[in-house]
Amino acid sequence: MLSQVYRCGFQPFSQHLLPWVQCTTVSRSHCIQPSVIRHVRSWSNIPFITVPLSRTHGKSFAHRGELKHAKRIVVKLGSAVVTRGDECGLALGRLASIVEQVSVLQNQGREMMLVTSGAVAFGKQRLRHEILLSQSVRQALHSGQNQLKEMAIPVLEARACAAAGQSGLMALYEAMFTQYSICAAQILVTNLDFHDEQKRRNLNGTLHELLRMNIVPIVNTNDAVVPPAEPNSDLQGVISVKDNDSLAARLAVEMKTDLLIVLSDVEGLFDSPPGSDDAKLIDIFYPGDQQSVTFGTKSRVGMGGMEAKVKAALWALQGGTSVVIANGTHPKVSGHVITDIVEGKKVGTFFSEVKPAGPTVEQQGEMARSGGRMLATLEPEQRAEIIHHLADLLTDQRDEILLANKKDLEEAEGRLAAPLLKRLSLSTSKLNSLAIGLRQIAASSQDSVGRVLRRTRIAKNLELEQVTVPIGVLLVIFESRPDCLPQVAALAIASGNGLLLKGGKEAAHSNRILHLLTQEALSIHGVKEAVQLVNTREEVEDLCRLDKMIDLIIPRGSSQLVRDIQKAAKGIPVMGHSEGICHMYVDSEASVDKVTRLVRDSKCEYPAACNALETLLIHRDLLRTPLFDQIIDMLRVEQVKIHAGPKFASYLTFSPSEVKSLRTEYGDLELCIEVVDNIQDAIDHIHKYGSSHTDVIVTENENTAEFFLQHVDSACVFWNASTRFSDGYRFGLGAEVGISTSRIHARGPVGLEGLLTTKWLLRGKDHVVSDFSEHGSLKYLHENLPVPQRNTN
């Protein structure tokens, strides 16, 4: 019965349609009443069909994130999207992708409508073919084959092309929608259909009935009979149907749609003509902003240009419909551009009536860039003074900070797990430790930027220097860790980098006051804008696409967050580690007194940290010994849940639950115990299942320890020390932006040095390369010169 629902000709319904409505279906052999359709659509467990979304049409959506609630959607396909580059024929692959996306959204329970161009191009292709065929036959009969190459195709009138192409275009849509068990209906309109009240009511009723029947209306201007466009004919708030842009806007408002998606051959609206040097894509466009925009020429095909699209979009926005203008032709995005827009992703230009109080994230990126460059030009003492002032503010404003943090904790109670609540919590001791760490950073920053690393005399009076410089603009994304903000800000200040901060909403109150204090400290030397806190509704995935504004992304949070950012980042390096699977190998010559202390501290001191112990490797000779019993007793007292590795489980009659994976970061009071035969077996296990973060050996044999230290390939390798020492503050770096398991640029706890790169300075006197040729007057010297001593005070 279900297949009959979607393979129905809807004959009773078609009797009520206007003459210019053509209903196309998968099959015309079955028919059911509309009441049956309504009943079927209410089943939420039927494939492709979900319970319809609920939204009361009124004002347009204020933010992109709300677009996922759109129920009724119009997709306008511009001529440049539908047609091929030669303007003769359709871009079939692109069109098939668009139909697939529309079908996916329709089968989610949304009401989709298409406003499509393409009839003229399709008709032009058909008519050209017919003309060529006719000419070739006539000339073959009368003139001989030699003249075939000289055939000229006459200029084809657009109305005739539209008449020849309408049926073929609709047949193509029918075939494509058939693949998704979706019915489509063609509606051809002219401007008169909107100005005549009776025709408007007929059109409105027809469209509503089609949507109720789960049919996708495909609307187009009837270009075979449409009169020439009349400029400046918009009267009394009614937009004339001069092109498919105005048609889509008019249709969207008439049908009270939630969203209008206008697809063209440009990424969206730019502040100047696309292709010009200074052109920037406008993410959000507000009514009144058109005065600051310069419009270029219209697209290669079609009636309207970007100015017509903006006018139509603003008219639809005024009528309560949200609008997005985006690129429907780019091969990398056209396959998901419509679904991305509906999901709220940052695609194209979003039209909104609600202007945010603060700057956009793009503006914040520019401010961070310019502020960072000013910061880098300050004297080292001035940057150190800013950091010292921030450290003082953390202790002087302690009560205000803790009050804001209390609000965060109260709002998070019952929503966050205990380990995350612990990360979220600030205390007087934490603030004091932060202040101490910041003062360490200030002390170590005296000669960080501009330090000479290498000097070479290339030739006489030609000297080369390699010096340290800031990376540029850093984006640091962190979860549930408000103490991260002043740490990272201090490191950015010390290294002269601009900084964008994106904190978790669970720490919003704490982050806000800590950022205000940071900007207060920066203000003493006029670089307040160098550190920006992103407070907009920007999604992390959208931030990771700002490759022209951000030079390095540093995620601070769960392994899932790091993996998501590494996946989302397009063209921007990501510094961090996806997992902290830390191991401790207890050798056969380990000290009984040391082992339990080291295991307890590594696992139980802060189990949610990335440097907490996750897997304990025991030499097999230690099984059933007092040392092993002490370890198990201590873990039991600390309420640590034990997971047995495969080898460990084989030694036990009644074992704990066997581990599901040896590559697990628990982040809680859980620990995997596994047995190894020797040190090489332990190293092999670490390399196979570890994450190259931090690994430890406990032994009294120095040779065994050195073998372990030299052969384990991890960022941090320790002997008789807790894994928890893997930390920038404990290393004496003052603080860290994170721990990197990457093998490029920085590894392990990343402090001030990891936020610097280098540039080359060459000082000469009218030197040219030709002087160093075989017959030139100069020779390369390449002499190493002494480097100025680093200030270690």
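Which residues of helix α21 (residues 559-568) are buried?

1. **Helix α21.** The buried residues of this helix are Ser-559, Leu-561, Val-562, Ile-565 and Ala-568. Their cover includes β12 (473-478), α20 (540-543) and β15 (552-556). Please read this and every point below with one caution: the model is predicted.

2. **Overall make-up.** The protein chain has 26 helices and 25 strands. It runs to 793 residues, of which 52% count as buried. Take the contacts between residues at least 6 apart in sequence: 74% of them join residues at least 24 apart.

3. **Helix α18.** This helix spans residues 484-495, twelve in number. From first C-alpha to last it reaches 17 Å, close to the 16 Å expected at 1.5 Å a residue. Is α18 mostly covered or mostly exposed? It is mostly covered, with twelve of its twelve residues buried. Among them are Cys-484, Pro-486, Gln-487 and Ser-495, along with Leu-485, Val-488 and Ile-493. Gly-496 follows the helix, and its phi is positive, near 75°.

4. **Helices α15 and α19.** Helix α15 covers residues 398-412 and helix α19 residues 508-522. Their axes come within 7 Å and cross at roughly 155°. Angles over 145 degrees count as roughly antiparallel, so α15 and α19 are roughly antiparallel to each other. On the α15 side the contact is made by Glu-400, Ile-401, Ala-404, Asn-405, Lys-407, Asp-408 and Glu-411. On the α19 side it is made by Ala-508, His-509, Ser-510, Ile-513, Leu-514 and Leu-517. By class, that gives six nonpolar, three polar and four charged residues.

5. **Helices α10 and α11.** How do the axes of helix α10 (residues 244-254) and helix α11 (residues 306-318) cross? They cross at roughly 5° and come within 8 Å. The two helices are therefore roughly parallel to each other. Asp-245, Ser-246, Ala-249, Arg-250 and Val-253 make the contact from α10. From α11 come Ala-308, Lys-309, Ala-312, Trp-315 and Ala-316. The contact divides into six nonpolar residues, one polar and three charged.

6. **Aromatic pairs.** The count comes to six aromatic pairs. One of them is Tyr-585 with Phe-708, which is stacked at 6.5 Å centre to centre, with 20° between the planes. Tyr-585 lies in strand β16 (residues 582-586) and Phe-708 in helix α26 (residues 702-711), so the pair ties together parts that are 123 residues apart in sequence. Both Tyr-585 and Phe-708 are buried.

7. **A second stacked pair.** Phe-772 and Tyr-780 also form a stacked aromatic pair, 4.4 Å centre to centre and 15° between the planes. Tyr-780 is partly exposed, with a relative accessible area of 45%.

8. **Ser-322.** This residue sits in strand β8 (residues 322-327). Ser-322 is buried, with a relative accessible area of 0%. What is it in contact with, leaving aside neighbours within four places in sequence? Ser-322 contacts Ser-60, Phe-61, Leu-67, Asp-258, Leu-259, Leu-260, Leu-317 and Phe-350.

Notes. Residues are numbered from 1 along each chain as its sequence is written. This is a predicted model: local features need pLDDT of at least 70, side-chain atom pairs count only at pLDDT 80 or more; totals for chains, interfaces and linings use all residues. Side-chain values use heavy atoms; hydrogens and water are left out. Axes are lines fitted to C-alpha atoms, for helices over the stretch in contact, and angles run from 0 to 180 degrees between N-to-C directions. Helices (H or I, at least four residues) and strands (E, at least two) are DSSP runs, numbered from the N terminus. Angles under 35 degrees count as roughly parallel, over 145 as roughly antiparallel, 65 to 115 as roughly perpendicular and the rest as oblique. Contact means heavy atoms within 4.5 Å. Ala, Val, Leu, Ile, Met, Phe, Trp, Tyr, Cys and Pro count as nonpolar, Asp, Glu, Lys and Arg as charged, and the others, Gly among them, as polar. Rings of Phe, Tyr and Trp (its six-membered ring) pair if their centres lie within 6.5 Å; planes under 30 degrees apart count as stacked, over 60 as edge-to-face and the rest as tilted. Buried means under 20% relative accessible area, exposed over 50%, partly exposed in between (1.4 Å probe, protein chains only). The expected span of a helix is 1.5 Å times one less than its number of residues.
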